[in-house]
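Colleague: Hi, could we go through this model together? I have a handful of quick questions.

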Amino acid sequence: MKRRSIGALALAAALLISAVAVSAGSSSPDRQHATKVVIWLQNDAENGWKDMVTSTNDAFKAKHSGVDVDVQYQGWGDHLTKFDAALAGGTAPDVVEFGNTETTRYMAAKLLQDLTTQTKSFPNSSTWLGALKSSCTYKGRLFCVPYYAGARAVIYRKDQYKAAGVKSTPKSLAQFVTAGQKLMKKYGKQRNYSALYFPGQYWYAGLSFVYDYGGKIAEFKNGKWKGTLDSPQALQGLNQVKKVVKALSRANKTTDEANPQQALVFSKGRVGAFIGNGWEWPYALDKKLGNPSLAKKIGAYPMPSHTAGKFMPTFLGGSDLAVPVTSKNKSLAYDWIRIFTSSAQMRTLATVGKQIPNTTTLASLNAKNPQLAAFANASKFSWFVPTAPNWVKVENARVLKNLFQAIITGRKSVAQAAKDASNQITKILNQPVT
Amino acid sequence: MSQAPGGEAGFPAMTATAAGSVRRRRRSLGGSVFRALSPYLLLAPAAIVVIAVLGYPLYLLTRLSFEQFGLAELITRKGNWIGADNYTRVFRDHQFWTVLLRTFVFTVVTVGLTMIFGTLIALLLSRLGRFVRLLLISGLVLVWATPVLVAVNIFRWMVDYEFGVLNWTLAKLGFDSFLNKDWFANPTTGFAVITAIVVWGAIPFVAITIYAGLSQVPAELVEAAEIDGARRWQIFKDITFPVLLPIFVILTSLSIIWDFQVFNQVWLARGSEPEEDYWLMSVYSFIEAFKLGEYGFGAAIAVVMVFAMFFATFVYLRQMVQMGETR
């Protein structure tokens, strides 16, 4: 009995091996072997525009029969650690989404597939948003495909503003604070009510104050980076953040805007306004997690500058899609990206996801939609992180989160916190690129 | 089937009692060689497993600590040998010394608290009635069985600044300043919470082990001391403690080893992104290696950590042994 079954097993194994050998010998190994394309997207897509992912997958599967698509959603906090580990383990995905501040290091390390020669095969490649395209370009070569851009604006409760006697949306930072104080007066007795929900580590919003006063994170001079968050202008901005947050926010001082998701906190009613991305508006109305009954009560306006009539510069965030060099299904991966970033899908991203699509040809979509106009307007004045290969290490070392947490909790003086952060940034950006 | 032991002919020592013929062979020359070798043969499987799962990774870690190994090397899988550069960088990094000192203080505090509370609970156990004792032991075992992830989440909820039961209770008791207290805003209170989680999880093992050891303390000695008018504390100091010294030594050194490398509690309590103020050695090593992609540097920190722990345990053990000898 035993001997016979071993014989059968051996025969089966031999058949299997020869079958594999035959298929390996056929012309296109890419297609024969690829049963699954693994895609890593950030959970913004899951929360904001999941339908776009589903319809892309359907279209992709219709075109490539027998190929499965596995979309795995990642969180911003640890997706790079996971990606590095996957690279080392040889299990990296075929398509991976990067934040536009994260790409430089991976391009410099030659871990992303060079797409320069086939740039034209991607939809709208001649009209890609300049800011995103440059985040995909390293030493003149293209390593990723722009996905979307996002600008932040103040998302607020129109009904609460009205009830508190705020007649029009603030046109200057001073007016913004006055409006907030009115809200605090009206609703502040509720425990944990915030006129402006501003968690202590929210550096994207915090640095807008720095740039509004003319400060910046770092500058490149004589071949060396230098952190400049301790400049007089930057300090003015940081002091202003501290004042505004102290007066208007009762948010947790030791968490960021995504833990818990600020849009969901907003939807629970004890928040007058928060500084958020376009997609966070519909997310606050989510049937399961948010509160759909607020639909008519929400509005948005660009965060006003300390100079009356101007807007505060907003962080021009965004995402790109890349194919790691380790992918065994590169041509399939490219094709998935092509479908995902087609004009039709980008239209969905703009209208449903409330994001700025990757091509300027769709820009008019945003300007016409009242729900998107505030974000489109805000994006006209923007700031971006230093484009240094080591920049992502500054983010990974949490330098800026620590800076704002230290300032807002009062653990360090503004000057001391700024000096510490600045020194750290100088040190990290000048490290040899590894 | 009855001859099954014959299958272990390679280990005559094991089957020696089975048959007289084997016993005779043991007296021969070949038998004595076998006898000399058999302990090693018996140990070999375990040794091989230990070397495979512990020794080899340790070798890789040490080699990595002498290499420049970054993102690009993840793909090429080949680091560049740079000698002791990573180590000089570690020792020049002032952050390293801060973290090392913090880890030492953290270890001393957590081990101290664990041992004190563990001993007190063990002494309590030995004086309790059967029912209450069983109740307390079941409680301890439950704590022991709670996974770290669950424990940390429970504590995080309890100290949550907005909805936490701790702030709520304190505010109800009249301490209004605790209404929106963020325990993690200040590393001192933050570490108090983390220490509580670690000590809470470590107490059951210590308490139950010491309680078991207490049964070794001769009742006559204690009785005699009581008749002589010794106080509780004197009895503990002069009778119980010396008898239990070996157990204390083992428990404390185990606790040092565990608490020196605490990682999960810090990592989870700070939402997978601990601030610099919360870095212990293990966290520091992990962040350098896996968050900043400095795998070689992170490995060097890990190796230094192994030696630091070795040193701490050694010094402590020597002191304890000396203390035992002078008695």
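Colleague: Which residue in the hairpin of β8(A) and β9(A) takes a positive phi?
Modeller: A:Asn222 does, with phi near 50°, and the hairpin has 2 residues between its strands. Before we go on, this is a predicted model: local features need pLDDT of at least 70, side-chain atom pairs count only at pLDDT 80 or more, and totals for chains, interfaces and linings use all residues. Residues are numbered from 1 along each chain as its sequence is written, while chains are lettered from A and ligands numbered from 1 in the order in which they are written.

Colleague: And how many bridges hold β8 and β9 of chain A?
Modeller: Strand β8 (residues 218–221) and strand β9 (residues 224–227) of chain A pair over 4 bridges, in the antiparallel sense. Strands are DSSP E runs of at least two residues, helices are H or I runs of at least four, and both are numbered from the N terminus. Two strands pair if DSSP finds at least two bridges between them.

Colleague: What is the bridge partner of A:Lys221?
Modeller: A:Lys224, in β9(A).

Colleague: Switching to the open sheet in chain A, what is the strand order?
Modeller: The order is β10-β7-β11, with antiparallel pairing. The edge strands, each pairing on one side only, are β10 (273–277) and β11 (298–301) of chain A. From one strand to the next the twist averages 35°.

Colleague: Which residue stands opposite A:Val154?
Modeller: That is A:Tyr301 in β11(A). Strand β7 (residues 152–157) of chain A is joined to β11(A) by 4 bridges.

Colleague: What lies across β7 and β11 of chain A?
Modeller: α17(A) does, running at about 145° to β7(A). Angles run from 0 to 180 degrees between N-to-C directions, and axes are lines fitted to C-alpha atoms, for helices over the stretch in contact.

Colleague: Where does the domain assignment put the bounds in chain A?
Modeller: Domain 1 covers 26–150 + 317–378 and domain 2 covers 152–315 + 381–429. Such bounds come from an automatic or database domain assignment. The C-alpha centres of the two domains of chain A lie 28 Å apart.

Colleague: OK, chain B now. At what angle do α10 and α12 of chain B cross?
Modeller: Roughly 160°, with the axes of α10 (residues 187–214) and α12 (residues 232–260) of chain B coming within 10 Å. The two helices are therefore roughly antiparallel to each other, a label for angles over 145 degrees.

Colleague: Which residues meet there?
Modeller: In α10(B) they include B:Val198, B:Ala202 and B:Ile210, and in α12(B) they include B:Leu244, B:Leu251 and B:Trp258. By class, this contact has 8 nonpolar, 3 polar and 1 charged residues.

Colleague: Last one: how many residues does each chain put into the contact of A with B?
Modeller: Chain A puts in 28 residues and chain B 23 residues. On the chain A side, α5(A) gives the most, with 4 residues.

How values were computed:
Two residues are in contact if their C-beta atoms, placed from the backbone, lie within 7 Å. Angles under 35 degrees count as roughly parallel, over 145 as roughly antiparallel, 65 to 115 as roughly perpendicular and the rest as oblique. Ala, Val, Leu, Ile, Met, Phe, Trp, Tyr, Cys and Pro count as nonpolar, Asp, Glu, Lys and Arg as charged, and the others, Gly among them, as polar.
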